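The following note is set out as numbered points, and each point treats one topic. Please keep the sequence and the model in view while reading.

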Amino acid sequence: MFSVNSITKGLQKTSITQVRTATKRAAGSRTNKNDSAGRRLGPKVFEGNFVSPGQIIMRQRGTKIHPGENCGIGKDHTIFALEPGFVKFYYDPFHPLRKYVGVALKKDYTLPKDHFDPRLRRFGYVEITDEAEALKEESRMSRKEYLQQAELTKKKQMRAHHDQALSTTFQEQLSQFVELSDDEATLAIERLVNNYKLIRLDHSIEDANQQSTFNYILSLKSLLANNKITQEELTTLKEKYIKLAEKLDRDVTVDFSTKQLTKYLNSEQRSALRNDIKEKLNGFKNKVISSEDKKHIEQLISTPLAFNKVERADLTSDYLPSVLPESVEETVFDPEKGIPEGGKVITKYDNTLRKTIKIGRTKEAFLNQL
Amino acid sequence: MFKQFVRFKSISNTNASTQKVVNQLSALSASRKQPKLIKLSAQDLIKHQTIQNAWKLYSDKLARENRKMLKEQYESIYNAMEELKQFPELFEAAKDDVKAPFPLEMRIPTDFPPNQPWIYNYEK
Amino acid sequence: MLRIFKRSLNSGKGIWSNFSNRSETLKVQNIKPHAATYHSPLLIDDAFKSAYEILQQESEKIYQRAQTVEKDDLKDKLLSQAESKNPEVLYNIQNGNDLDITQPVYRNHLKKQWENYDLMILMQRLEQFKVIPDTLPTIQPTVDVKVKFPHITNGEFNRWIVPGEFLPSFLTKQPPTIKLQQFDNYKNESKLFSIVLINPDEPNLETNSFKTTLNFGVSNLSLSLTDDSLDVTKYLKYENGSEEFSMFKSYEPILPEVNAGDYQRACLFVFEQPEKINVDQINAEDFDIRSFVNNYNLSPVGGTMWRQKYDRSVNDVRSEYGLSKGRVFHRVRKPFPLI
């Protein structure tokens, strides 16, 4: 064993210095090594510089600058030009805290534009001068349009066929109403076919007449525009047509449901006709209706020029209900006293008695089975 | 056999069928549990609206009268105080905000008289 | 039931049963009976009768107040208020009966209906498609403008058009019927209107930009509450020389060319005129609507718009109007700058 004294004496003589060897890694290396290269952010073009569409104006993290006029923004907030023009950085009074960059289409154009000024817009399309190429471009169809062609032609043919059928029926009937020359008759039939189509769409007879006249005048104008007729010819043709129209409208019109020609009635005559028919119909109210009566009522309701589609439906439900009301006493019987042939027993809830009751109805009550 | 683990045993007193209804109702939204809207005919709807309109007119009239009365009460207090300004002592006295206008010490009315009907040495 | 609804009304002596000063159109129309299975709520008729009396008395007071009022707008408001609780009027409004626009109560109802839906749609379309400010700086409509093309025999288009929708060229080849529903014309007076239809998207190849063309222009058109539309009858009268208005640009449909932009906007504006005007020297090919409005001191009161693009019917309509075949543009937009 050494004594403490002897050691300290020894140290004083030899002077030993302690050395620490590196036994542990230095701290901090882990994060320091993660440094990435700069992302090269910032504006790529400056105020007043010219840019073409798609050119990048600004790379940024978040929207330091917002895309203004004629600029777009990418998913990493890159701002790019949408139109060729000159870059302008500006503030927008509608968003006072934002900076904007926009592309002005003209060098001396300032952004933002006044709110109520019209926009400056670029057209950008170039005309095809080669005729063959232009024709090709014009006749180009989308797939959707191409696939629809077959159906469209079919519909067109059907319409033409339908018009043809209408004109032949009108041609057969026209002489019963007015005497016309052949030229006039063709015009008249054309007019009546158009009138029919308009009346079917709930135009009044008078409106349809006027519209057809106007159509003819426009077709004359079209002929004039294409130099097929002169101005004088136009005036004479027009006057001729108006006279023909007056003559025709006075005597004949089309019934929309039967597609037949009928005698024209003015609005007073029509309302008189309506009242007359309603009076006749009232004679059938609360009575047993035979199958002949039913036919007669149907005929009355569908009298030409009297009622429109909605009115006809209302009248049918009023005067030809599927089951006659119980107020028609002949159609009601007491089921306990036996059921006549064809009769039916109906169970229904009585509001006043507050219970279900049984009522017998004879077969005459069921108009829909007549 | 499949045995479901039950953490707590159900402690409801209702029987199974009632409980089933309760469960079904709990799954329904509140709006479906509302009583059905009465369907009125076109005429009756107008009648209903007319009755509502008349009731609204009547209750508006009542409210207006009430507001008018309160306003008049306020104005008469105001005028009285204005007049009192000529007599400063009275004005000061009237201005004193009486904290408890109703005596807090007063007994609550009971069916029987109190054991000690009168406190002779009462001090506030 | 039916009887009570109609006449606590007829038999009564109140203002709502008196049609000597009030219009017949305030009477209930097309009243429909209940279904056979329907039950009325108990005692509703008794309550209705007394409610009717209360409201009628109130109405009478409002009528008396209206007589003392001088200002037109206030008077109109009171007259509308006096009838607004009338069950007959309410029935007509709520059951789709025809409403007489000359009656203040119906007019106010229609105005509110217009403001709550059609006007909102219109303003949305005008703003989204940048019709304002590309044409006029802005517009605050006070007149409901409706447009339809009555010549069409195809049921799909036999209706008033919705602002902003795409219309085919075969539909727009004839001048439209334009209906102007005024709401603040209290006395049913005739007022003078101008109508223009412009297309701000006509290509201008010299500047590689666009110009505005005038496609239809009408002025000095006198319309009131009841005579409210420019329709075929009036066009025919104009054609026959018995003109009631002047047409400074006859109708020429918008006929977009192939690939000339996504769509072209047809913007129809209605202006109220302070007096008769004589429009001359109009450059329809390059029309400046703002200076037009300033020159003739017009105030825009309404408008509508639709869109059009090239379709297969364009060439036919072009030949009908004696126009040459339209230009064809490349499908791809080129990056040439504005000139």
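Which residues in α3(B) meet which residues in α4(C)? The points below begin with the basis of the model and then take up this question.

1. This is a predicted model, in which local features need pLDDT of at least 70 and side-chain atom pairs count only at pLDDT 80 or more, whereas totals for chains, interfaces and linings use all residues. Residues are numbered from 1 along each chain as its sequence is written, and chains are lettered from A and ligands numbered from 1 in the order in which they are written.

2. On the side of α3(B), the residues are B:I46, B:K47, B:Q49 and B:T50, and they meet C:P87, C:L90 and C:Y91 in α4(C). Contact here requires C-beta atoms, placed from the backbone, to lie within 7 Å. Helices (H or I, at least four residues) and strands (E, at least two) are DSSP runs numbered from the N terminus. Sorted by class, this contact has 4 nonpolar, 2 polar and 1 charged residues. Nonpolar covers Ala, Val, Leu, Ile, Met, Phe, Trp, Tyr, Cys and Pro; charged covers Asp, Glu, Lys and Arg; the others, Gly among them, are polar.

3. Chain B has 4 helices and 0 strands, in the order α-α-α-α along the sequence. Of its 124 residues, 6% count as buried (20 or more other C-beta atoms within 10 Å of a residue's own, with C-beta atoms placed from the backbone).

4. Of the 2 pairs of chains in contact, chains A and C share the most contacts. That contact takes 40 residues from chain C and 36 residues from chain A. On the side of chain C that touches chain A, the largest share, 5 residues, comes from α7(C). By class, this side of chain C has 18 nonpolar, 14 polar and 8 charged residues.

Key
Buried ≥ 20, exposed ≤ 12 C-beta atoms within 10 Å, placed from the backbone.
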